[in-house]
Amino acid sequence: MHRVYNFSAGPAVLPEEVLREAAEEMLDYKGTGMSVMEMSHRSAAFDEIIQTAEQDLRDLMGIPDNYKVLFLQGGASQQFAAVPMNLMKNGVADYIVTGQWAKKAYQEAQKYGKAVKIATSEDKTFSYIPDCSDLPIDDDADYVYICENNTIYGTKFKTLPNTKGKPLVADVSSCFLSEPVDVTKYAVIYGGVQKNVGPAGVVIAIIREDMIPEKPPVENTPTMLAWKTQADAGSLYNTPPCYGIYICGKVFQWIKKMGGLEAMQKHNIAKAKVLYDFLDESKLFKGTVRKEDRSLMNVPFVTGDKELDAKFVKEATAAGFVNLKGHRTVGGMRASIYNAMPIEGVEKLVEFMRKFEAENA
Ligand SMILES: *Cc1c(COP(=O)(O)O)cnc(C)c1O
């Protein structure tokens, strides 16, 4: 068997232990005589899977009882619509646009009400997080929206914006479970799981109960996009992405076993340091993000020469370091070093980069 070091931004690397366990249980899940893919979502076996997954997530993040945990489909992108549809009571929302995903969410919200761009870092190709300590928050704003970790550009909010009392909504797709979080600071936290938590097909939304309207304020909101539909049904209004939820549950247990979110954060800081320290001393490679805003999860870098970038990606791939090509909109390279990437993967990548630098100086 051959496994590479996979630096994909998503779908991304999963813990090997989780994959092995899933493989072992594939044909006969705990004596049921079938795989999780083949069982009813109303069965006792699946009920235990989803209940345990929710409880483990609650334990890991310290999610208070007045927050619902929903396992949904449609990806993070579908929540770009669900957020305004459920929350735009006054028809106004403030968006902080720090990258492509925030921009898409902002554009989608414009379909349902007045979405206001109150800050952006687009002037410098989204390479920093703007100062959000005193923004012109609208008096009528139903919420303030951020994308907490910008997967494509490699920036992260190190302090949450001052929302002046307005509910905070955060897309955490690419930093989910990477560090401890104070859930009470948010009204809504959501993320596609395929970056740091599980396979594509599941989006998890953690929503304070008072943010879930009886009836969405946006007229003709589809039943499936009204949060209340799935909140009342325990995410089982219709068939959920059963197998994806099962794998997420295994990842939650793996994180618990590794020591929880504090341990994840320590491991992620140590890993990112190896790469950032190298980028800071290298004469060939350099990071593209303002230092204080650097993400622990996504690390973009360039040589400054497109041909050399391409040569690097090609040689790295041949050496077993795959998916290092930067996003098509920014070029260069990007190493996504999520929870499941072992530190040896980053150390060996840096060793390879050092060698490439010496050969191409
Ligand atoms: C990948 C990503 C998305 C899009 O997720 P889908 O599940 O493909 O819709 C949205 N936001 C962020 C921050 C992402 O990294």
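In the predicted model, buried residues account for 56% of the 361 residues of the protein chain. The accessible surface of the protein chain comes to about 15,900 Å², of which carbon and sulfur atoms supply 49%. The C-alpha trace extends over about 65 × 60 × 30 Å along its principal axes. Among contacts between residues at least 6 apart in sequence, 68% join residues that are at least 24 apart. With regard to charge, the mean position of the 42 positive charges and that of the 47 negative charges lie 4 Å apart.

The secondary structure of the protein chain comprises nine helices and 14 strands. Among these elements, strand 8, formed by residues 168-171, pairs with strand 5 (residues 144-147) in the parallel sense through four bridges, and strand 8 is also joined by three bridges to strand 9 (residues 188-192), again in a parallel arrangement. Valine 169 of strand 8 takes part in both pairings, being the bridge partner of tyrosine 145 and having valine 188 in strand 9 as a bridge partner.

In a regular strand, side chains alternate between the two faces of the sheet. In strand 8, Leu168 and Ala170 lie on one side, whereas Val169 and Asp171 lie on the other, and all four of these residues are buried, so that both faces of the strand are covered.

Key:
Residues are numbered from 1 along each chain as its sequence is written. This is a predicted model: local features need pLDDT of at least 70, side-chain atom pairs count only at pLDDT 80 or more; totals for chains, interfaces and linings use all residues. Side-chain values use heavy atoms; hydrogens and water are left out. Buried means under 20% relative accessible area, exposed over 50%, partly exposed in between (1.4 Å probe, protein chains only). Helices (H or I, at least four residues) and strands (E, at least two) are DSSP runs, numbered from the N terminus. Two strands pair if DSSP finds at least two bridges between them. Contact means heavy atoms within 4.5 Å. Accessible areas come from the Shrake-Rupley method with a 1.4 Å probe; for residues, only the protein chains shown count as cover. Lys and Arg count as positive and Asp and Glu as negative; His and the chain ends are not counted. The place of a charge is taken as NZ of Lys, CZ of Arg, CG of Asp or CD of Glu.
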